Amino acid sequence: MTQPVLSVRNLRVEFPTRRARLVAIDDVSFDILPGEVLGMVGESGAGKSVTGTAIIGLIEPPGRIAGGEIFLSGKRIDKLPPAAMRRIRGKRIGMVFQDPLTSLDPLYRIGEQLTETIATHTDLRGAALRERAIALLSEVGIPAPEHRFDNYPHQFSGGMRQRVVLALALAADPELVIADEPTTALDVSVQAQIIELMKRLARRHRAAILLITHDMGVIAEAADRVAVMYAGRIVEIGPVRDVVSAPLHPYTRGLMGSIPKLDGALDRLVQIPGSMPRLTAIPSGCPFHPRCPRVFAPCPIHRPELRPQAKAQVACWLYHPAPSAQSEKPATLRGGSP
Amino acid sequence: MVEQLQVPPLRNEGRLAAALDSDLLHAFLRSRIAVAATLITVTLVLAAVFAPWIAPHDPFDLRQLNLLDSHLPPAWLADGDPRYLLGTDDQGRDVLSTILYGSRISLGVGILAVGLAAALGIVLGLIAGYAGGFLDALIMRIADVQLTFPAILIALLIDGTGRALFGEHRNETLEFWVLVLSIGLSFWVQYARTVRGSTMVEKSKDYVLAARLIGIHPAKILFRHVLPNVIGPVLVIATINLALAIITEATLSFLGVGLPPTQPSLGTLIRIGNNFLFAGEWWIAIFPGITLALLVVAINLLGDWLRDALNPRLQ
Amino acid sequence: MLAFVVRRALEAVLVMLVVALIAFALFRYVGDPINQMVGLETSFEERQQLRQALGLNDPVLVQFVHFVWRALQFDFGVSYQFKRPVTELIAERFPATMELAFVSALFSLVLGIPMGVYTALNRHSWLSKLFLAVSLIGISLPTFLIGILLIFVFAVTFQVLPSFGRGEVVKLGFWSTGLLTGSGLRAIILPAVTLGLFQMTLIMRLVRSEMLEVLRTDYIKFARARGLSDRAIHFGHALKNTLVPVITVAGLQLGSIIAFAIITETVFQWPGMGLMFLQAVQNADIPIMSTYLLLVSGIFVTINLVVDLLYVSVDPRIRIDRRVA
């Protein structure tokens, strides 16, 4: 078994406020294998971005990692001192943010920002440094890179800027790239290009990708596996093809149903009633139970854990024996009964 | 059978209960600085307001003055007299009493000037934001031009013009109001800008459009709906402005173009005392100076704290 | 770019014309210029003759044009108090004020910017809290009070620095400077600190709040995610982005320093334009008042213009034509 590039175990992130300790993510565990693209999907506020920020060690105080472990290629990184963590950032973990315009310092030329990053992590200097930067620009598809080297960020279009951002994130050849909503701020026509570029770059640099997005379409295009997050927990995780075509968790089913299909009957758009709970009011038991169309007795009381089911893992009492209430079973249940 | 579970409905909390539990009040009580600043401000204000009743002497009653008692140092020093706690000036006036009366005047001018500036600024801001077009451009132009000049200069100019205009007809009341006017006129711009911004935001909202369709008079719309939304930032500006107004008045009085010596504010007192600094009679200038400093620092602290507390971005 | 410069220059001229109008109105209509110039014994006919000779009976517009024309030639009339041309008086006192303003501005920048950066980067250290406390005092105390306190401590109690005057001055052409003599340098310390303290705290607070804002931006977050050193982030990206708006504000503050010089000059009996203006206000000497108004407006408007141009040349987003890839 190849060792995973990233291994997250029982991660818990809290934000203490005056009134309460808000738990942003609770007991989150997953692995990413080298070269793999793991998608992380969920509504706003589900905890996807917090997961990414926690992995790269950029949670702002008073927020903190309150439990669990993070392993990068087998070595534990969540408790590293700041200087050591800084050396990992950029060099071994890269991160891409949502808005390419605000991600780049408006007062510095992009060439300078590139060479600065490369110089921080390598010994290249002078002409070799500049050549490497230009090569990176060319690799991400910027035309005439020697000229664009001296341009400022605002002189690029949105899609071009995101390419520059990708170049910056990959400048030091990291093993893992965390992409937090990389296409959300872009035009639809440009999104596909950027996704393609990301996949190509990842293959060429042999990097794994944690692709965080709320857009299932992007996941379907780009990811190998996908983790579905709800209220700070992973409710389902498995290969993309299986999760998309045969979603297990009722929430995942709702998500898939909300994607309009070009083929098939023109039904109404499926909506999941209600909205995701605020961090101050997470329901007891399974956090999805107030909105779940399949809710039954154990759901409000006991919290389900991720357990294997078919080719995926799912956290739902529909699939695993519940601690009590064995007799209550909903009428329709696809697949074998637990 | 599937149980239908519902989210329990929110209790309708009273607004007072919500206010008492609010983050603002809690942060206020937890900040020792804010509490201390408010206490100091309130104490000084009350002392000033009740000066005629709590001052041990009336420093402006010529019959009470005794020239033999002049130039006395504070009570705890060698030649001090316990009747005059902080000493006396060259005319035998009790320094403590002059400070109390002086604070009254300083505060009075400050509050009146801020009131004038706020009223003028709010009205002009409402008009500029609501009417838009030429009126807006005109008002904002004037504001911009005025902003290039420091307030003190504008105050000096208006004061000087007032003096020249009224020439020999000067009297104390006139000087007082010219002073209030000059300070107030130099500070209206900030209010106008803030209010204009909020007005423009509210103007495009549906309920305003609806009200206009029904034919409600724009003044009523402005005062009933736009104004309450703007009170918060205006309060912050007013608090910080009050400190600035008091400083400006003190400065003008110190320079000799403010209030006449018969109605001395803290600034006038410092000016009088300045002449005796080199003679070693420091108490005549220093005590009013400390009072002024304390008052202004306390108000500034309060305004600072208020601004930080109401700024959601700094949480 | 050129269009921008031209437009700003035209606006500046317009503002100056408005100010000139106010100055002219002051000059002409506040008080009676004739009564100020002649004695009580002058007869009514002689006053009328004088009025005619000075062109005071011409249409207002003509008088205004004459006024502007003379102003452009630096002829500002004669002071009521001193009976000397205002231009001479101003020329005498101009260097004193300018030197004072320059030294205070330097003081406020050299101290204010580093203090602001420090308090932004070390939000919770005791030194930051001390700086902020001092800044609060600096902003709260009126300039004259700071001056008096400084005089009390350094001139009265410890007697190490002079409390009034400029010390010895050296004449270089038409400029007289106090910076080349020992006594001159000692004399400028207290006034410069008094004048600059307010500006210093303003700059410190501005730098601090700008830097705090900048440190929360996405590009700083991205810079951190790329593993850049703290030094590169704080003193490269953050500082540069912080200083751009600070430059403009600091430049504008220079104008207000010149205005506040009035107070400082009064406290320290510094022989500058401000002290002269104050005396003019006290004595309703309209020519000096309105000339000072014109001069100071000219300085402010010029500073504003220069600062605007500076801002445009420093921020690449505005400078370069918007060419989209």
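Figure 1. Among the contacts in chain B between residues at least 6 apart in sequence, 69% join residues at least 24 apart; two residues are in contact if their C-beta atoms, placed from the backbone, lie within 7 Å. This is a predicted model, in which local features need pLDDT of at least 70 and side-chain atom pairs count only at pLDDT 80 or more, while totals for chains, interfaces and linings use all residues. Residues are numbered from 1 along each chain as its sequence is written, and chains are lettered from A and ligands numbered from 1 in the order in which they are written. Chain B has 13 helices and zero strands, where helices (H or I, at least four residues) and strands (E, at least two) are DSSP runs numbered from the N terminus. Of the 315 residues of chain B, 43% count as buried. A residue is buried if 20 or more other C-beta atoms lie within 10 Å of its own, exposed if 12 or fewer, and partly exposed in between, with C-beta atoms placed from the backbone.

**Figure 2. Helices H10 and H12 of chain B.** Helix H12 of chain B, residues 266-274, is mostly covered, with eight of its nine residues buried. Among them are B:Leu266, B:Ile270 and B:Arg271. In helix H10 of chain B (residues 206-214), the number buried is zero of nine residues, so this helix lies largely in the open. B:Gly215 follows H10(B) and has a positive phi, near 105°.

**Figure 3. The contact between chains B and C.** Chain B brings 35 residues to this contact and chain C brings 33 residues. On the side of chain B that touches chain C, the elements giving two or more residues are helices H7 (151-166), H11 (218-255), H12 and H13 (283-310) of chain B. H7(B) gives the most, with nine residues. The residues of this side of chain B divide into 25 nonpolar, nine polar and one charged; Ala, Val, Leu, Ile, Met, Phe, Trp, Tyr, Cys and Pro count as nonpolar, Asp, Glu, Lys and Arg as charged, and the others, Gly among them, as polar.

**Figure 4. Nonpolar cores.** A nonpolar core is a set of buried Ala, Val, Leu, Ile, Met, Phe, Trp, Tyr and Cys residues joined through C-beta atoms within 7 Å. The largest has 157 residues, and those with the most contacts inside it include B:Tyr191, C:Leu100 and C:Phe260. Leaving aside neighbours within four places in sequence, C:Phe260 is in contact with B:Pro150, B:Ile152, C:Thr143, C:Leu195 and C:Phe198. A second, separate core of 98 residues includes A:Ala24, A:Ala54, A:Ala208 and A:Ala223.

Figure 5. A cis peptide bond, with omega about 5°, joins A:Pro61 and A:Pro62. A:Pro62 has its place in the loop between helix H1 (48-55) and strand E4 (64-72) of chain A. A:Arg206, a residue other than glycine, has a positive phi near 55°. This arginine, A:Arg206, is exposed, with 11 other C-beta atoms within 10 Å. In chain C, C:Gln269 lies in the loop between helix H10 (230-268) and helix H11 (273-282), and its phi is positive, near 50°.

**Figure 6. Confidence in chain A.** Chain A averages a pLDDT of 85, and 91% of the residues score at least 70; pLDDT is the predictor's confidence in each residue, from 0 to 100. Over residues 325-338 of chain A, pLDDT stays under 50.
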